[in-house]
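The items are grouped by topic.

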Amino acid sequence: MSHPRNAVVIGSGFGGLAAAIRLQSMGFATTILEKHDQPGGRARQIREKGYVFDAGPSLITAPSVLDSVFRAGGTTLAERLKLVPLDPYYRVHFHDGTWFDYSGDTEAMKAQMRKFEPRDADAYDKFIADAKPIHKAVMLDGLGASPFDSALGMLKFIPKAIRLKAVIPLYLNVSRYFRDFRHRFLFSFHPLFIGGNPFTSPSIYMMISYLEKAEGVWFTPGGMHSLVAAYADLFVEMGGTIRYGQEVRRIDVRDGRAVSVKTDSSEFPCDLVVSNADVGHTYRDLIDARNRRKYTDAKVAKFDQSMSCFLLYLGVKKKYDKLEHHTLILSERYKELVRDIFDRKVVPEDFSLYLHTPTRTDPSLAPDGCESIYVLAPVANNRSGVDWKTLAPVMTERILSSLESWGLEGLRENLDVLKVVTPDDFQHGLNSLDGNAFGLTPSLLQTGFLRPHNRSEDVDNLYLVGAGTHPGAGVPGVLLSAEAMEKCVRQDYGLDAAAA
Ligand SMILES: Cc1cc2nc3c(=O)[nH]c(=O)nc-3n(C[C@H](O)[C@H](O)[C@H](O)COP(=O)(O)OP(=O)(O)OC[C@H]3O[C@@H](n4cnc5c(N)ncnc54)[C@H](O)[C@@H]3O)c2cc1C
């Protein structure tokens with residue numbers, strides 16, 4: 001097959017940017033078409049009255065994965081960004097007034113655990129030792145960075161997954177190591193970071209605990225959006241093009257192959273298409289039904305879409321020393337709250353909150369003496385039928401008032417900026433089906449081979465990257481999806497990896 005000349009990437013989320021850098025480095029003249037007026041997608045930036053907010057991702061993990069994208073573009077992470085380690089990674093406040101500074105420091109972790117349950121402190125090493133080989137399989141042996149699209153590959157992996165206990169529900173597995181409710185939470189909640197249910201997600205996600213310990217949790221001056229900007233700048237320096245305000249309406253398919261991409265105003269003929277848009281949106285809304293044998297409308301409707309988020313962006317004319325850079329404030333209910341979000345799809349009166357306060361580390365993100373805070377409450381996706389126009393103001397009041405009672409005194413009277421994002425914004429702003437915040441739920445039945453593949457199963461020359469594809473959500477996950485896409489393209493076009 002001759003080397004094609006140009007590629008179009010739909011969407012400039014982290015997956016799209018990484019895909020575009022990799023395509024450009026493989027010799028494709030690459031154009032990103034982005035619906036919005038800035039890159040990043042979920043990682044876009046919100047600025048108002050001198051306050052700067054990362055709209056979504058805030059914890060930087062797996063710097064080695066971030067670096068691999070820069071290296072594909074001929075540079076390095078160290079050359080482009082300064083990373084600042086965070087210690088603790090996050091402070092977790094429990095309903096009973098106790099709290100825990102979660103970090104990668106074994107002795108600091110055990111010392112805190114000993115106070116709650118000495119036997120749990122003794123089990124910590126074993127937990128980490130058992131998480132290590134799972135991390136190795138996914139991150140070091142390349143499972144996450146390779147297309148998981150053969151049934152044979154899955155069959156080969158199953159015995160290993162069983163041996164590593166990677167298929168047991170995570171919370172159940174964690175409960176075998178730890179007795180105290182706090183420790184059971186701390187070592188099982190990570191799937192929530194990527195839209196998964198800790199009580200049903202497979203223990204393969206124990207790897208996140210190990211990943212954070214091995215590679216740390218970081219911040220970069222300016223916030224996560226500095227990473228977005230660094231990738232976008234690199235792509236443009238490499239000769240790539242980003243066109244903003246271009247919502248793709250259709251991927252044209254001829255004789256089973258993607259041949260062009262259409263927006264309202266233009267047509268972009270191309271040799272290859274990568275979609276970074278929501279998987280369900282890509283198949284259902286952009287590709288004519290007669291070109292979809294696997295991802296029919298009925299199949300897309302059956303996707304188990306991940307949960308969503310209710311977010312407040314607060315510019316506050318006051319400093320709050322009670323907040324760490326990353327703070328979790330938990331409801332007394334864990335399992336039942338998770339069931340409300342994932343199974344019952346209702347919005348209860350109580351909530352667990354995650355607060356991102358980057359001004360604790362980088363005061364330049366707000367005016368002097370002020371704090372830039374975002375508050376995230378995980379909520380059911382829009383299959384809940386909730387009318388967010390009605391509920392948003394109610395929920396906003398509830399959250400602000402509960403934060404004041406918790407210790408952020410004078411929060412409401414010091415508010416300078418208040419912006420609210422609901423599942424409707426994910427659905428309509430980001431074209432995410434059912435307002436999902438993390439693509440498809442990372443359940444056992446939507447993991448690996450069973451997740452939408454990076455090489456389209458319906459259309460030749462179409463590839464998919466981003467949270468809904470293999471390996472899944474989270475910044476490292478979507479960057480790895482672009483590496484898996486690169487491997488598919490190299491195979492399909494007979495490109496030699498060494499020639500890159
Ligand atoms: C609130 C929140 C907090 C998070 N926190 C963290 C964290 O701390 N750490 C972490 O690692 N991960 C975190 N995540 C997960 C992480 O942000 C996402 O998994 C990741 O950013 C998704 O990237 P993506 O490549 O799938 O693209 P997306 O960010 O989903 O971007 C897709 C892009 O496609 C564009 N698009 C869609 N349809 C079209 C169309 N038809 N035409 C043109 N453009 C289109 C959209 O405008 C968007 O820019 C968080 C997510 C959320 C929502």
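Strand β1 (residues 6-10) runs parallel to strand β13 (residues 272-275), and four bridges join the two; strands are DSSP runs of E of at least two residues, helices are runs of H or I of at least four, both numbered from the N terminus, and two strands pair if DSSP finds at least two bridges between them. Val9 has Val274 as its bridge partner in β13. The model is predicted, so local features need pLDDT of at least 70 and side-chain atom pairs count only at pLDDT 80 or more, while totals for chains, interfaces and linings use all residues. Residues are numbered from 1 along each chain as its sequence is written, and side-chain values use heavy atoms, with hydrogens and water left out.

**The open sheet and its helices**

- β1 and β13 belong to an open sheet of five strands with parallel pairing, in the order β9-β2-β1-β13-β19.
- The edge strands, each pairing on one side only, are β9 (241-243) and β19 (462-464).
- From one strand to the next the twist averages 20 degrees; axes are lines fitted to C-alpha atoms, for helices over the stretch in contact, and angles run from 0 to 180 degrees between N-to-C directions.
- Helix α1 (residues 14-25) packs on the sheet and touches β1, β2 (29-33) and β13, where contact means heavy atoms within 4.5 Å. The direction of α1 makes about 165 degrees with that of β2.
- Helix α16 (residues 475-493) lies across β13 and β19, at about 160 degrees to β19.

**Helix α14**

- The 19 residues of α14 (residues 388-406) should span 27 Å at 1.5 Å a residue, and the end C-alpha atoms are 25 Å apart, which agrees; the expected span is 1.5 Å times one less than the number of residues.
- Buried residues of α14 include Trp388, Leu391, Met395, Ile399, Leu403 and Trp406; buried means under 20% relative accessible area, exposed over 50% and partly exposed in between, with a 1.4 Å probe and protein chains only.
- The buried residues of α14 fall within an arc of 160 degrees seen down its axis, so they line one face of the helix; the arc is that of the directions from the helix axis to the C-beta atoms.
- Exposed Thr390 and Ser405 are carried on the face of α14 turned away from its buried side.
- At the N-terminal end, Asp387 caps α14, with a side-chain oxygen 3.1 Å from the backbone nitrogen of Lys389.
- Gly407 follows α14 and has a positive phi, near 145 degrees.

**Helix α10**

- Because 10 of its 14 residues are buried, α10 is largely enclosed by the rest of the structure.
- Just after α10, Gly239 takes a positive phi of about 105 degrees.

**Hairpin β6-β7**

- Strands β6 (residues 90-93) and β7 (residues 99-102) pair in the antiparallel sense over four bridges, and Tyr90 stands opposite Tyr102.
- Five residues separate the strands of this hairpin, and Gly97 in the turn has a positive phi of about 90 degrees.

- Asp252 is found in β10 (residues 248-254) and counts as buried at 19% relative accessibility.
- Beyond four places in sequence, Asp252 touches residues including Arg257, Lys262 and Glu267.
- Arg250, also in β10, is partly exposed, with a relative accessible area of 30%.
- Arg250 and Leu286 are 36 residues apart in sequence and 4.3 Å apart in space, C-alpha to C-alpha.

Conventions
Polar contact = N/O pair within 3.5 Å; in protein donor to acceptor, adjacent residues only side chain to side chain.
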